[in-house]
Each structure stands twice: as structure tokens, then as C-alpha cells.
Amino acid sequence: MEKLLHPILFLFGIQCLFATDFYVDDNSNVNDVFTAASVPGSDAVAVPGTASNPFATLKFAISRANAGDRIFVDAGIYTTEVGIVINKALIITGAGTNLTFIDNNYAGTATNWFVHITASNVIMRNFTITEYENNGTQLLFFPLLHKFQ
């Protein structure tokens, strides 16, 4: 058993070494926890999505991430996050439920949906999600092993 466990732990460690952290920030630096950007986030292709040069939207960060990557969404109110499909294992972390809001109220359409998860091992935590269809409860899941914390 011990001989089998070492290669598994080694492979897990290699995967963690190659995981990338991406950052998302809105147009404000108020209460930011993860980013130190003096410029707002951008979804331009040349933007690396780092803490000092973050993306503007979660949807764009997900499109750039690979399975096993982590995405940190800084404090703010994100109003353009609709129709997101998560098709890879990701860990997505907000700055806190009282700091990071994904709010469809400002989008103008009450029937938008937020996220459809089609992959296993997706973790989303430290967000407040509101004003989507069914008041933020319209989250669609396929495989098991998701966590909303």
C-alpha cells in the first residue's frame, strides 16, 4: 500500500505545481483582497489575469483556465456574469460573501441564468449570487462532486 501511495502523492504534487492562479477584478479597487491593480480588470486577450493585471469577468477567466486551476474573484459587484458553462474542474473563490456579489439585477433580464456545471470537482465559495432566475437558485448541475460554500 505504501509503495502505491507515494506515486499518487507525487502525481498530485506535480498537478498542484502546474496549476495556474487567475484573478478577476471589477472597475473598483474598494475592499480588494486578491488584486493590487491600479487599473481595472480587462478581458483583452493580451491580459495575463494576474493579481497585478486581472481579468474583468469570471466568464473570461473560466475560458482561459485549464482543469485544476484556481480563479480568485475580488470584491465588487459583477453584473455581466450570465450563461456561464463550467466544463472543467476549477476552484473559484470570491473575496467574501459580503464583498463579492454576482448580481443580475442590473442586467435588465430577469430570466438570465448564472452557471451550468458539466464537470466534476468544481468548487465555488465566498460569493453572494442574487437576482437570477428563481432569485439566484437557478444553478444547473450534471456530474457530482460540486461544492458551493
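**Ground rules.** Residues are numbered from 1 along each chain as its sequence is written, and side-chain values use heavy atoms, without hydrogens and water. The model is predicted, so local features need pLDDT of at least 70 and side-chain atom pairs count only at pLDDT 80 or more, while totals for chains, interfaces and linings use all residues.

**Lys-88.** I found Lys-88 in the loop between strand E4 (84-86) and strand E5 (91-94); strands are DSSP runs of at least two residues and helices (H or I) of at least four, numbered from the N terminus. I then asked which side chain of opposite charge is nearest to Lys-88. It is Asp-69, 7.5 Å away. Lys-88 is buried (under 20% relative accessible area, 1.4 Å probe, protein chains only) and has no salt bridge (a side-chain nitrogen of Lys or Arg within 4 Å of a carboxyl oxygen of Asp or Glu). I noted the backbone oxygen of Ala-65 at 2.8 Å from a polar atom of the Lys-88 side chain.

**Asn-53.** I located Asn-53 in the loop between E1 and H2. Asn-53 and Val-24 are 29 residues apart in sequence and 8.9 Å apart in space, C-alpha to C-alpha.

Conventions
Buried means under 20% relative accessible area, exposed over 50%, partly exposed in between (1.4 Å probe, protein chains only). Lys and Arg count as positive and Asp and Glu as negative; His and the chain ends are not counted. A polar contact is a pair of N or O atoms within 3.5 Å; within protein, one must be able to donate a hydrogen and the other to accept it, and residues adjacent in sequence count only if both atoms are side-chain atoms.
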